[in-house]
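Welcome! Please take a moment to look over the sequence and the 3D structure before reading on.

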Amino acid sequence: MERLAADAVICAEGYVFELERRGYLQAGAFVPEVLIDHPEVVERLHRDFVHAGSDVVQACTYYVHREKLRVIGREKDLEPMNLTALKIAKKVARETGTLFAGDICNTNIYDPEDKKALKEVDRIFEEEIGWAVDAGVDYIVAETFSWGGEALAALKAIKKHSKVPAVVTFSIHREDEVREGWSSAETCKRLEDEGADVVGLNCHRGPRTMMPLLKKIRKAVKCHVAALPVPYRTTPKEPSFMSLTDRMTPGERPFPTGLDPFTSTRNEIRDFGKEAYAMGIRYLGVCCGAGPHHIRALAESIGRHPEASDYTADMSKHAFFGTNKRIKEVQRVYREKL
Amino acid sequence: MTRKPTGKGPGLMARLDAGPVICAEGYLFELERRGYLQAGAYVPEVVLEHPELVEQLHREFVHAGSDVVEAFTYYAHRQKLRVIGREKDLEPMNRSALKIAKKVAKDTGTLVAGNICNTTIYDPADKASVKKVRAIFDEQIAWAVEAGVDFIIGETFAYAQEALLALEAIKSANQVAVINMAAHRNITREEWSWGDAARRLEQGGAEVVGLNCTRGPRTMMPILKQVRKAVTCHVSALPVPYRTTRLNPSFQSIIDKDCDLLPEHKAFPIALDPFTCNRFEIAEFAAEAHAMDVRFLGVCCGAGPHHVRAMAEAVGRTPPASRYSADMSKHYLFGKMTLGKGKRLKEADEAYAKTIAPGKS
């Protein structure tokens with residue numbers, strides 16, 4: 001909260017997609033089994049994101065919950081997977097002087113009409129929050145809810161089972177509404193009223209289609225607002241990454257493994273960061289699809305100079321396009337032909 | 001001359017005679033993406049500053065199906081180091097890159113390759129430059145040979161004559177040579193056809209000749225066909241994973257009207273993301289090239305491990321990373337919709353999935 005009051009907090013997300021891209025996590029289930037199989041790869045990615053400007057090391061416990069582990073038949077690995085994720089994140093956070101965040105998320109079984117399901121959702125949140133508190137997290141992120149009620153249940157669980165701040169972000173698909181039909185601004189207001197420290201949106205929408213919703217949210221609440229879009233070129237017609245179409249992908253639906261040709265450039269992320277910050281949005285990140293280059297652009301957009309900025313592009317030294325005096329004249333002529 | 005490979009198993013030529021060899025490239029772009037290498041100069045300073053990052057990427061590419069660990073010495077040559085004012089680091093940079101690559105190759109039973117590349121100073125009209133280029137090649141090759149590489153890749157040449165000079169240098173060191181040229185245009189810089197250039201390289205003793213970098217799968221394929229027809233030796237193809245077109249056939253010529261990073265809406269090199277090929281396009285390219293009997297296959301600048309895995313799987317491999325290849329039957333919304341196998345996915349979500357997927361809501 002002090003960091004948010006003073007300036008802004010950059011929080012890299014997108015672990016699941018980036019680890020999938022690196023070949024260590026299966027698309028579909030999207031459970032980070034990599035925690036058990038290759039913990040060093042997770043630690044590396046945390047470090048890459050901090051190096052690129054993330055102020056937060058968010059434990060890679062997205063989808064490490066009981067329901068998901070049942071789907072993949074690894075329920076017995078639930079606790080070790082959570083503890084490992086928290087341990088790795090804490091190690092990197094403490095070594096780099098960044099914040100250490102726990103993470104709970106959409107359970108996929110929430111159903112307001114089903115009391116048994118609601119009880120199971122509470123149990124899922126309670127056990128994961130318990131492990132996060134034991135690990136000593138600085139705060140807890142609850143994310144990617146499509147039900148406003150599930151986001152509220154997550155918030156309630158954080159308040160009940162921990163003393164740390166709650167950042168609650170949810171996801172908007174094609175229409176500006178959660179599954180109950182509440183608008184994103186209304187949902188944020190309800191979360192603020194119930195005591196969330198930071199409220200906002202993550203995932204599903206790219207910068208262009210998340211921005212209009214953020215403007216309404218920023219007006220609707222007084223607390224800090226979070227914005228963590230996916231780095232994809234979503235459009236008013238196809239506003240979420242799940243609704244994008246591409247004729248060069250089998251089935252024409254690029255979500256989730258054919259999204260590459262929709263990836264936002266670093267300058268689009270930079271522009272988004274600038275605009276969001278100017279609106280008073282202080283909790284900024286990038287979700288599924290984020291690479292360290294996006295995180296650096298976001299950090300630089302609010303005036304930061306993370307370690308990775310030492311390697312920010314300098315085209316004066318390019319072999320063909322450079323202006324450096326050692327670049328030969330013959331190359332300058334040739335580049336026009338390129 | 002027979003050479004004993006570094007890792008377990010056969011050497012390059014035996015592997016090629018038996019079937020395809022996958023060679024991941026694109027180290028520069030991927031490490032730039034990860035925030036440890038500067039775009040522009042594109043010198044692999046990371047080899048000295050963060051060697052663990054280079055080792056990690058080698059391992060990721062092998063995990064994804066690369067049969068080759070290519071030493072990250074691309075642009076670690078005297079001319080480039082002069083541009084960035086680090087000429088004194090030339091030898092340690094080369095030796096460190098070779099050492100890391102060799103270690104990973106040995107651990108994983110893959111081949112280790114040395115790498116030399118376009119010097120950016122080659123000028124056929126300037127004899128002094130030709131001499132300098134040869135000296136650049138010779139010193140890098142000597143370090144590679146000392147490190148015990150299995151073969152040497154000479155790559156990204158726009159001048160066929162510079163490629164021939166690289167071949168000559170590799171052959172004077174008695175090494176197996178893979179020579180790849182970068183087809184910025186429909187002809188080489190000295191205005192030979194690519195088929196003609198490939199033929200001269202084969203006649204010069206190259207074991208493998210072909211194309212790398214600059215072109216995406218779609219625009220490399222027609223030139224690859226010319227090369228395949230022109231030679232009888234093994235052929236290589238390592239496109240960049242970008243959606244290049246007939247109008248903009250190279251990644252340097254891609255225009256993006258939504259991009260204001262560089263003059264004239266140029267996307268190259270740091271705003272190419274929205275032109276990236278997905279894994280399905282890479283798989284298609286690999287299958288087509290393989291069917292043409294192009295056996296040395298890889299992906300160049302822009303490649304991620306997911307592209308390399310798609311390529312390996314397209315030629316019938318199941319690298320360790322295939323354990324994590326997509327299975328959408330387990331997706332919480334689209335599981336049932338796509339494959340009908342996700343047993344635990346809730347009925348209620350099936351109707352909801354339809355409202356968020358492409359199409360009318």
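The paragraphs below visit a pocket, a strand and a loop residue.

This is a predicted model, in which local features need pLDDT of at least 70 and side-chain atom pairs count only at pLDDT 80 or more, while totals for chains, interfaces and linings use all residues. Residues are numbered from 1 along each chain as its sequence is written, chains are lettered from A in the order in which they are written, and side-chain values use heavy atoms, without hydrogens and water.

Let us begin with the largest pocket, whose volume is about 640 Å³. A pocket here is an open set of points on a 1 Å grid where a 1.4 Å probe fits, with protein on both sides within 12 Å along at least five of seven lines; lining residues have an atom within 4 Å of a point. The volume is the space filled by probe spheres set on the points. Among the 25 lining residues, A:Asp246, A:Met248, B:Arg218, B:Arg243 and B:Glu281 are the closest to the centre. α11(B) gives the most to this lining, with 4 residues; helices are DSSP runs of H or I with at least four residues, and strands are runs of E with at least two.

Now turn to strand β1 of chain A, residues 9-12. A:Val9 and A:Cys11 point one way and A:Ile10 and A:Ala12 the other, yet all are buried, meaning under 20% relative accessible area. β1(A) runs parallel to β8(A), joined by 4 bridges, and strands pair if DSSP finds at least two. A:Ile10 has A:Leu284 as its bridge partner.

Finally, B:Ser322 lies in the loop between α12 and α13 of chain B. B:Ser322 is buried too, with a relative accessible area of 17%.

Methods
Buried means under 20% relative accessible area, exposed over 50%, partly exposed in between (1.4 Å probe, protein chains only).
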